[in-house]
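Dear colleague,

Please find below the sequence and the structure that I am handing over to you. My findings follow directly after them.

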Amino acid sequence: MSGRFSEETMTEAMREVAASLGVSSEGAQLLRLTNNAVFALPTSGIVIRIARTHRLRDRVTKIVRLGRWFADIDAPTIRLAPGVEQPIEVGTLAASVWDYLPAGSPTPTVKDLGLVLREFHSLGLPPFPLPTWDPVADARKRLADADGLGGSDHDFLVQWCDRLEPQIDALNQHTHQGIVHGDAHVSNLLREPADRVVMCDFDATCVGPWQVDLAAVAVGEQRFGSRGAQEVLTAAYGRDVISDPSWPLLREARELKMIVAAVPLLATSEEISAEFDDRLRSIRESNHRKHWKPFADLATPDSRSPRSNGGCG
């Protein structure tokens, strides 16, 4: 399916980036086509990551600054490709370039996630400002790129944002604020050749409550039908987010993020559009038992790598 952020458009943008770096795009592998188009160029040892919505391109600048800081303090994170001036402008799009890590063994686990999050949350704050955790503002930005979104769905999502906004503000004001990854799940972990497990995908990294990073696994377990992950994460990290008083709000905020993530992509994939409808219907009906399908499994099933930096899209 064609469109402003289609696979064809992103592939051409990737080729432009590769050419600007003086490397060949032959053999490039499309790893993810969700919020970002993520391409691996294994022979060049890099991953090219292109934001698929104009309104969130400011995040590319943020993640590049974070990538430099993470390298300076040896944080448990993926590294930017060395010697590359970033971000890279590609027409109206923006890209970042990262080291390529092939699939490692053993595959990172939920226990690894809990241990890495403990280290990540202890880093302190960088010497430059980060946005405050604000899932409602992020949702509103995505609604502005609402190709293919029906009027009634748009109104429902706006009203949901209006209801959550003051609650999110109150939580931020009354909880300890530190660095949070913002999208902490096992698919955003990679294993380095030296066996160190590191995090990637810093689009949502911000300042906020630590509970935000534990909510992703808990909500994912409920919505995707997995079992046991929340218990393992709690043991590894040492805190249980479900028993936290803020849990109902954190769950809603996470579900909002998981639904509006597809809004800019509705015109590019019929499968994503159908899953979006199912998710939104379950929210309208207050059906917390409804299981969802991961958007990443619906985007480009024949051209997606199950591991390596593809988990960082």
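I begin with helix α4, whose buried residues are covered by elements that include α2, α5 (151–174) and α8 (247–260). Please note that the model is a predicted one. In α4, which spans residues 135–143, the buried residues are P135, V136, A139, R142 and L143. Viewed down the axis of α4, these buried residues fall within an arc of 120°, and they therefore line one face of the helix.

The next subject is the sheet. In what order do the strands of the open sheet stand? The order of its 5 strands is β1-β2-β3-β5-β4, and the pairing is antiparallel. The edges are formed by β1 (29–33) and β4 (88–90); each has a single partner strand, so one side of each is left without a neighbour in the sheet. From one strand to the next, the twist averages 25°.

Helix α1 (residues 7–21) lies across β1, β2, β3 (46–51), β4 and β5 (93–99), and runs at about 130° to β3. Helix α2 (residues 58–73) also packs on the sheet, where it touches β3 and β5; the direction of α2 makes about 25° with that of β5.

Is A236 buried or exposed? A236 has a relative accessible area of 8%, which is under the 20% limit, so it counts as buried. This residue belongs to helix α7 (residues 229–237). Leaving aside residues up to four places away in sequence, A236 touches K111, G114, L115 and R118. A236 and L113 are 123 residues apart in sequence, while their C-alpha atoms are 8.0 Å apart in space.

Some details of the backbone also deserve a look. Most residues other than glycine have a negative phi, and most peptide bonds are trans. Against that background, the following cases may be examined in the structure.

- Q86 and P87 are joined by a cis peptide bond, with omega at about -5°; P87 has its place in the loop between α2 and β4.
- D195 has a positive phi, near 85°, and lies in the loop between β7 (189–191) and β8 (197–199). With a relative accessibility of 45%, D195 counts as partly exposed.
- S286 has a positive phi as well, near 55°, and is found in the loop between α9 (270–284) and α10 (296–299). With a relative accessibility of 51%, S286 counts as exposed.

Finally, I turn to the confidence of the prediction. The protein chain averages a pLDDT of 90, and 93% of the residues score at least 70. Which elements have the lowest and the highest mean pLDDT? The lowest mean, 72, belongs to α10, and the highest, 98, to helix α3 (residues 110–121). Over residues 300–307 the pLDDT is below 50, although this stretch has 22 contacts in the model beyond near neighbours in sequence. Where pLDDT is low, the predicted coordinates should not be read in detail.

Yours sincerely

Conventions: Residues are numbered from 1 along each chain as its sequence is written. This is a predicted model: local features need pLDDT of at least 70, side-chain atom pairs count only at pLDDT 80 or more; totals for chains, interfaces and linings use all residues. Side-chain values use heavy atoms; hydrogens and water are left out. Two strands pair if DSSP finds at least two bridges between them. Helices (H or I, at least four residues) and strands (E, at least two) are DSSP runs, numbered from the N terminus. Axes are lines fitted to C-alpha atoms, for helices over the stretch in contact, and angles run from 0 to 180 degrees between N-to-C directions. Contact means heavy atoms within 4.5 Å. Buried means under 20% relative accessible area, exposed over 50%, partly exposed in between (1.4 Å probe, protein chains only). pLDDT is the predictor's confidence in each residue, from 0 to 100. The arc is that of the directions from the helix axis to the C-beta atoms.
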